[in-house]
Amino acid sequence: MGTASNLKRAAVSLLVPLPSILFYLYFINHYKTSTVDGTTLSPFWSWCVDHPLLLVNALFFFNVNVLFWIISQIQKSHWMIDLYWTVIPMMFVYYYATYPLARYNLWRSRIVIASAWVWSLRLTHNYFRREKWQWGVREDWRFTDMRGQYGKHWWWISFFSVYASQQMFLVGICLPFYIVHSVDKPLDVWDFVAVAVCLCGIVIAYFADTQLHEFVTRNEKLKELGKPMVPNLDRGLWGYSRHPNYFGEQLWWWGLVIIAWNLGHGWAFAGAFVNSMCLAYVTVLVEQRMLKQEYRAEAYRLYQKTTSVWIPWFRSSAFARKKDT
């Protein structure tokens, strides 16, 4: 990919959220002005004030589902939604924190926002490291597979399978951000337990992704030299879990659920639950893909028999017997 094309994609990705940002800033300014002047809000603006969850869904629909989809048709790639998984949750947390009717414990809000920044920076760093510090090099391989599967119908199916589905996932898993900024309750021990779970998840995901990156980089060099590639990563955290990066990511989201539950809104677990079920399905797809690669199929089958799927645990004795032979 050339420098000009890379810069073009960078510019598009930085500008694309502006419609929602500008609309929200105008809305907040309009609300503050009406409050100072004592004027009555129009029915539309009153609806916006009274329905934060509906408004965020409307903004997501038009700015992400529609605009991202249109751009993807022009670029013939759905790469941008992958990058924005690291950005949209940050936009959500600030949206809920600055909403006109928001009420919350200031320190809980600060802790959650700070933790969210750590999570987002970690995931953004991993995205660009994986893509060799370029914008839009490729789309997610699952989208590429579906493009081949649906053929000429992919252009409209992608609206639902890539974008509308992301709305359910992202709005759902970010519900704890809404709860944090809807309940003003003093901090207690459960907040610190939840933050500890969140930070453990971030640390695990960081080291797991770093180990994976180093493994992929070594194999790329071996391939360039014409040498046999190492079939499987089974060292470090990957020696205790086949998907420690997924496990770490789930800890982050379920840590936020603990905060929501402690604030009396356990129903907010729904988003994290759906996301976990989706990731379980993705795990199956990833492992099927690994087994289709001839040079690593046998080693990966043994890996499946001896190593936990998500939750880190000690390898089974079958691995020890294999090593001895």
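**Entry 1: the second largest pocket**

I began with the lining of the second largest pocket, which is made by 18 residues, and I noted that S20, I21, M91, F92 and Y95 lie nearest its centre. The model I am reading is a predicted one. I then looked up which elements give two or more residues to this lining, and found α2 (18-37), α4 (52-75) and α6 (88-97). Of the lining, α4 supplies the largest share, with six residues.

**Entry 2: P100**

Where does P100 lie? I found P100 in the loop between α6 and α7, the latter being residues 106-130. Next I listed what P100 touches, leaving out residues up to four places away in sequence, and the list is F27, I28 and Y31. I also looked up P100 against L263, which is 163 residues away along the chain. The C-alpha atoms of P100 and L263 are separated by 20 Å.

**Entry 3: α9 and α13**

I describe two packed helices by the angle between their axes and the distance between those axes. For α9 (residues 154-173) and α13 (residues 269-291), the axes come within 7 Å, and they cross at roughly 130 degrees. An angle over 145 degrees would count as roughly antiparallel and one from 65 to 115 as roughly perpendicular, so α9 is oblique to α13. The crossing of α9 past α13 is left-handed. Which residues make the contact? From α9 I noted M168, F169, G172 and I173, and from α13 I noted G271, A272, V274, N275 and C278. Sorted by class, the contact of α9 with α13 holds six nonpolar residues, three polar ones and no charged ones.

**Entry 4: α11 and α12**

I took α11 (residues 189-224) and α12 (residues 244-262) as my next pair. Their axes come within 7 Å and cross at roughly 165 degrees. Because angles over 145 degrees count as roughly antiparallel, I put α11 down as roughly antiparallel to α12. I recorded the crossing of α11 past α12 as left-handed. For the contact of α11 with α12 I counted by class and have 18 nonpolar, five polar and three charged residues.

How values were computed: Residues are numbered from 1 along each chain as its sequence is written. This is a predicted model: local features need pLDDT of at least 70, side-chain atom pairs count only at pLDDT 80 or more; totals for chains, interfaces and linings use all residues. Side-chain values use heavy atoms; hydrogens and water are left out. Axes are lines fitted to C-alpha atoms, for helices over the stretch in contact, and angles run from 0 to 180 degrees between N-to-C directions. Helices (H or I, at least four residues) and strands (E, at least two) are DSSP runs, numbered from the N terminus. Angles under 35 degrees count as roughly parallel, over 145 as roughly antiparallel, 65 to 115 as roughly perpendicular and the rest as oblique. A crossing is left-handed if the near helix is turned anticlockwise from the far one by less than a right angle, and right-handed if clockwise. Contact means heavy atoms within 4.5 Å. Ala, Val, Leu, Ile, Met, Phe, Trp, Tyr, Cys and Pro count as nonpolar, Asp, Glu, Lys and Arg as charged, and the others, Gly among them, as polar. On a 1 Å grid over the protein atoms alone, a cavity is a set of points where a 1.4 Å probe fits but cannot get out, and a pocket is an open set with protein on both sides within 12 Å along at least five of seven lines; lining residues have an atom within 4 Å of a point.
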